[in-house]
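Colleague: Before I use any of the labels on this model, I would like to hear what each one rests on. Can we go through them one at a time?

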Amino acid sequence: MVGAKAAKLNSEKKIRIIECGWYSNEGIREAFSELSMKILELVEVVSVDGRNQKNVKMAWRAADIFCSFSDNIQETFGISPIEAMASGLPVVVSDWNGYKESVRDGIDGFKISTTMPEAGFGEQIAMSHAIGINNYDHYIGKVSAFISIDIDHAVHRFDQLFKSEDLRNRLGANGKKRAVRKYDWKTIIPQYEDLWSSLGEERTKNSKPTSQKISWPERPDPFKSFSHYSTKKLQGNDIFELAYKDSTETINVFKKFRNLKMNNFLSAELASDDEFESLFKELEIGGLKGSDLLEIFKEIRRPIIYRSLFWLLKMGLLKIRQIKS
């Protein structure tokens, strides 16, 4: 959504987002509605009930570009980009888990890079779910809150597509051919059968008991279990910078995000408002490595401050400048 708003600034065309789906409860619907009204001042949002197949078909016909920025660990293969490709639409998706393999960057559409914390920073979230403090929806939501999509990258790709009908048509045509050739059931079923056979052989071959120490499998650290989903992790020499011109503007935008209903459930997982403001003021002087930035905080607070940096990346309040070693 932030990317669509920013891209509107570089395009003379009117941008409209069509949300085709449904909300599981009224609270979630209200939270997304509030987000649209407060953040997307320049972009119109149209919501249609995806439980009605007429609406789904209408949405596919009306669209020029398909977007799915999946950032949650329960998203596996992801069939919606395939449906979009089969409809002849260019797709813009997060470079995340199954989307990595189904969409060819620059051929069927564009994949936008993602970043998540390394293993060790999700143990508290997993344990809170295990002992019943968080329900499953909050567990998934809290993990997703620290997985960011490169907004500048997304803005650039949307701007290219908005300005070029030829590009949209070319990517859409490529995607349609790929969907038919690779994902038609006639092609998929034999692959399933081969997989079942190979798994059966693997299971027979490795059926002997093991003495290897096994950790509690029910609630592992999600940032360890799903570490392969994202494009990248932070590198030691990556530099954090403000995405806005100074700390004053950043703090004003931060307050708008922080007070959204959709972020209320994250209070215990994020730094305090005072800590956030200290962080912004420190970065106003210049970009800093994550390790140097943490030095201004008490040691006991550093893990939650570090994890909060990923939320700031997700919200578009910070950006990363990568320095090659």
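Modeller: A helix here is a DSSP run of H or I with at least four residues, and a strand is a run of E with at least two. On that basis the protein chain has 15 helices and ten strands. Keep in mind that this is a predicted model.

Colleague: What makes the protein chain as compact as a globular protein of that length?

Modeller: The globule rule gives 20 Å for 325 residues, and the radius of gyration of the protein chain is 21 Å. The two values are close, so the chain is as compact as a globular protein of that length. Along the principal axes, the C-alpha atoms fill a box of roughly 65 × 60 × 45 Å. Of the 325 residues, 41% count as buried.

Colleague: What share of the contacts between residues at least 6 apart in sequence join residues at least 24 apart?

Modeller: That share is 76% in the protein chain.

Colleague: How far apart are the mean positions of the positive and negative charges?

Modeller: They are 4 Å apart, for 48 positive and 45 negative charges.

Colleague: How do you know that the length of α15 agrees with that of a helix?

Modeller: Helix α15 covers residues 302–314, and at 1.5 Å a residue its 13 residues should span 18 Å. The end C-alpha atoms are 19 Å apart, which agrees. After α15 comes G316, with a positive phi near 80°.

Colleague: Why is α15 called largely enclosed?

Modeller: Ten of its 13 residues are buried, so the rest of the structure largely encloses α15. Among the buried ones are I304, Y306, R307, F310 and W311.

Colleague: R307 is an arginine, so I will ask about it separately. Why is R307 called buried?

Modeller: The cut-off for buried is under 20% relative accessible area. R307 has 4%, so R307 is buried. This residue lies in helix α15, and apart from neighbours within four places in sequence it is in contact with F121, Q124, I125, F146 and E269.

Colleague: Why does L293 count as buried?

Modeller: L293 has a relative accessible area of 1%, so by the under-20% cut-off it is buried. L293 is found in helix α14, residues 290–294. Leaving aside neighbours within four places in sequence, its contacts are L279, E282, L283, L288 and L309. L309 is also one of the buried residues of α15. By contrast, K14 is 279 residues from L293 along the chain, and their C-alpha atoms are separated by 40 Å.

Colleague: Is N97 buried or exposed, and why?

Modeller: N97 is buried, because its relative accessible area of 16% is under 20%. N97 sits in the loop between β4 (91–94) and α5 (99–102). Its phi is near 40°, a positive value in a residue other than glycine.

Terms used
Residues numbered from 1 in each chain as written. Predicted model: local features only at pLDDT ≥ 70, side-chain atom pairs only at ≥ 80, totals over all residues. Heavy atoms only, no water. Rg over C-alpha atoms; globule rule 2.2 N^0.38 Å. Buried < 20%, exposed > 50% of the residue type's maximum accessible area, 1.4 Å probe, protein only. Contact = heavy atoms within 4.5 Å. Lys, Arg positive; Asp, Glu negative; His and termini not counted. Charge placed at Lys NZ, Arg CZ, Asp CG, Glu CD. Expected span 1.5 Å × (residues − 1).
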